[in-house]
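Hi,

Here is the structure I said I would send over.

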Amino acid sequence: MIDADIFAKDQKYYLPVFDRYKIVLDHGDGPYVYDINGKKYLDFLAGIAVNVLGHNYPPLVMAIRNQAGKMIHCSNLYYTQPQVEAASRLSHLSKMNKVFFGNSGAEANEGAIKLARKYAHMTDKDKSLIICANHSFHGRTIATLTATGQPKYHQGFGPLPDGFVHVDYNNISQLETIINDKTCAVMLEAIQGEGGIHVPDKDYLQKVRALCNKYNVLLIFDEIQCGMGRTGTFFAFEQFGIKADIVTLAKGLAGGVPIGAFITNDKIARAFHPGDHGTTFGGNPLACAAANVVLDAMENGGLMENAANMGKYLIERLQTLKEKYPSLIKQVRGKGLMVGAELNKPGKKIVDECLEKNVIINCTAGNVLRFVPPLIIKKQHIDSLILVLDKVLAEHV
Ligand SMILES: *Cc1c(COP(=O)(O)O)cnc(C)c1O
């Protein structure tokens, strides 16, 4: 089949919710992907912060093959070795010790919201308000899109559930005026992703933590995009010297195999009893076998150190582009390999032109070029990206 046939078939049969780039991807290798015509692209998007080990990473492929040959799925009515191993590895990395596996980020956040509500209701059945941030992104289910602080994701889907409010991110006084002892939880990304790569001030999250303690409110960190070592530590919130009550993961956790997780401590976990939550697919042996390879690489493979070092270099190189094109690039920001370059104009054309020149990036929040590459990238890959970006930007001044 040639590209045009695939585009036509997709248009005929696939729900039109994605505004896709006009390439048909076929396979990948490390930080590269190839389309069906054999054209090679440098991948600085990694399936939206998912392929943390790059593409076709041999130990991951082998683990998936082996597990598929033994058993793919058996339901959560039984114990499996891959699941309990993934839970214990995740506990070790997160320093929290109760894990639940689902299939996606939205599902992880749904579980976190349910747990927070159940926990708060044990002491006060009116303690149910969940405070989220403007420009956040938490998923596409009815509850998580309500938690998402971007009206464009709400439109047309009402009535939305009660009990969610939004405050400006990085604005402690707004939170201070709303939070009280009827608040159930505060739910935040430690670095906002979809909303445009927003890094909060050093003391903001610490003050959020203090307010949550004061009013006995749970602090939920959505680390679905910023977690999994991407910012140089396993969770991004660790860099603010604070602890979470519940934290959610998904995207990179199994290197591309669908998975989600929420993690909490014993005290909060006691709010849940058999039957309070569940899943058919979540945490099946295939997904957990994949997660174990990723978690092993996190612990022993130097992935986080590489993310921190390469992130510094990427930001440095983008800063020099900003100096060269001050009329185009407004600000470069991020941590580790979660980096944004805010433009003074929409980013779509620049993304398209990079793609023509064999580099995959994307644009979020309309005008923020987003760089969330595999955590295995090297300097030479960043140099190639910068070379292409420089050429593309030069055409836009
Ligand atoms: C991607 C993302 C989600 C949603 O994950 P899905 O797997 O698409 O449901 C939630 N929160 C954040 C911060 C994300 O980046």
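One thing before the details: this is a predicted model, so please read everything below with that in mind.

I started with the ligand. On the Asp-222 side, a polar side-chain atom sits 2.7 Å from a ligand nitrogen. Gln-225 also uses a polar side-chain atom, this time 2.8 Å from an oxygen of the ligand. With Gly-105 the backbone is involved: one of its N or O atoms is 2.8 Å from a ligand oxygen. As for cover, the ligand on its own has 390 Å² of accessible area, and the protein covers 82% of that.

The residues around the ligand also include Ser-104, Asn-109, Phe-137, His-138, Glu-189 and Lys-251. By type, the shell splits into six polar, three charged and three nonpolar residues. Helix α5, residues 105-123, gives the largest share of the shell, with three residues.

Then the overall layout. The chain divides into two domains: domain 1 is made of 3-56 plus 302-394, while domain 2 runs over 71-300. Their centres, taken over C-alpha atoms, are 26 Å apart. Domain 1 puts 26 residues into the contact and domain 2 puts in 29.

How much area is buried between domain 1 and domain 2? About 2,300 Å², with carbon and sulfur atoms giving 65% of it. On the domain 1 side, Met-304, Lys-335 and Met-338 supply 33% of the area buried against domain 2, more than any other three residues.

Cheers

Conventions: Residues numbered from 1 in each chain as written. Predicted model: local features only at pLDDT ≥ 70, side-chain atom pairs only at ≥ 80, totals over all residues. Heavy atoms only, no water. Near = heavy atom within 4 Å. Polar contact = N/O pair within 3.5 Å; in protein donor to acceptor, adjacent residues only side chain to side chain. Areas by Shrake-Rupley, 256 points an atom, 1.4 Å probe, with all protein chains shown as cover. Helix = DSSP H or I, 4+ residues; strand = E, 2+ residues; numbered from the N terminus. Nonpolar A, V, L, I, M, F, W, Y, C, P; charged D, E, K, R; others polar. Domains from an automatic or database assignment. Contact = heavy atoms within 4.5 Å. Buried area = accessible area lost by both parts, 1.4 Å probe.
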